[in-house]
Amino acid sequence: MCARGCNTKISVNPKTNTLYRVEPRRNPYVNASWICDEGRWNYHYVSQSRIKTPLRASGEKLVGESWHIAAQEIKQNIEQNANRILVALGTHATNEEAQDVIETFSTLGVAHFATIYEEGFVGQTVPADGILKHADLTPNARGVQRVFDAAKVKPLTPTEAIQKIKGGE
């Protein structure tokens, strides 16, 4: 979904717990009774490719391990390499998810954060198509920025993050 914030009704197959339909829900202040084609049909990623078991490389194979062990090892690796880690946070994250990520990684010593978004589109309030659809196709770019502001963390823009990585920092 995009920054428009259309009211939608989603339908889930109760047997498979799979999303199968997105429909508009009437709201005269946001989207009347319309949603764009992308909002209506681009939902398949929600149920696909979910990680069910953490995998660890063991020689040429990937071997499953418990979430507890995987989390412990990830925490140790982050603490040992915190100065070399840049956490990139997408603007599909909710405010709560963004706050959790910033607090968790900051606690582990990470100081470099970036946001992933189309830099020129965030903050535009006029529909890009002149009707409904926003150029910013992420639902929470402004919310994520507000969370960074509240945490007093200045994230790198995507361009700045790329330059930092290419520079070997």
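Let's start with Thr 115. Thr 115 sits in strand S6, which covers residues 112–116. This is a predicted model, so please keep that in mind throughout. Is Thr 115 buried or exposed? Thr 115 is buried, because its relative accessibility is 3% and the cut-off for buried is under 20%.

What does Thr 115 touch, once we leave aside neighbours within four places in sequence? Leu 89 is on the list, and so are Val 144 and Phe 148. Then comes a run of Pro 155, Leu 156, Thr 157 and Pro 158.

Now step back to the whole protein. There are five helices and six strands. Along the sequence, they follow the pattern β-β-α-β-β-α-β-α-β-α-α. The protein has 169 residues, and 25% of them are buried. Next, contacts. Take those with a separation of 6 or more: 56% of them join residues 24 or more positions apart. And the surface? The protein exposes about 11900 Å². Carbon and sulfur atoms supply 53% of that area.

Next stop, Asn 27. Asn 27 is in the loop between strand S2 (18–24) and helix H1 (37–41). Although Asn 27 is in a loop, Asn 27 is buried, with a relative accessible area of 14%. Which residues does Asn 27 touch, not counting those up to four places away in sequence? The answer is Asn 7 and Ala 32. Look at Asn 7. Asn 7 and Asn 27 are 20 residues apart along the chain. Their C-alpha atoms are separated by 6.6 Å.

On to the charges. Side chains of opposite charge can pair when their charged atoms come close. How many salt bridges does the structure hold? Four.

Begin at Arg 56. The side chain of Arg 56 meets that of Glu 65 in a salt bridge, at 3.0 Å from N to O. Arg 56 is partly exposed, at 35% relative accessibility. Glu 65 is buried, with a relative accessible area of 18%. Arg 56 also forms a salt bridge with Glu 73. There the closest N and O atoms are 1.9 Å apart. Why does this pair tie together parts that are 17 residues apart in sequence? Because Glu 73 lies in helix H2 (residues 67–80) and Arg 56 in strand S3 (residues 55–58). Glu 73 is partly exposed, with a relative accessible area of 26%.

The side chains of Lys 75 and Glu 79 meet in a salt bridge, 3.7 Å from N to O. These two residues are separated by about one helical turn, because Lys 75 and Glu 79 are four residues apart in helix H2. Both count as partly exposed: Lys 75 at 43% relative accessibility, Glu 79 at 42%.

Last topic: charge on the surface. Which residues gather in a patch of negative charge there? Glu 96, Glu 97, Asp 100 and Glu 103 do. Take Asp 100 as the example. Asp 100 is found in helix H3, residues 95–107. Asp 100 is partly exposed, with a relative accessible area of 47%. A residue needs over 30% to count towards a patch, so Asp 100 clears that mark.

Technical notes
Residues are numbered from 1 along each chain as its sequence is written. This is a predicted model: local features need pLDDT of at least 70, side-chain atom pairs count only at pLDDT 80 or more; totals for chains, interfaces and linings use all residues. Side-chain values use heavy atoms; hydrogens and water are left out. Patches are made of residues with over 30% relative accessible area and no salt bridge: like charges are joined within 9 Å, nonpolar side chains (Val, Leu, Ile, Met, Phe, Trp, Tyr) within 5 Å. Accessible areas come from the Shrake-Rupley method with a 1.4 Å probe; for residues, only the protein chains shown count as cover. Lys and Arg count as positive and Asp and Glu as negative; His and the chain ends are not counted. The place of a charge is taken as NZ of Lys, CZ of Arg, CG of Asp or CD of Glu. Buried means under 20% relative accessible area, exposed over 50%, partly exposed in between (1.4 Å probe, protein chains only). Contact means heavy atoms within 4.5 Å.
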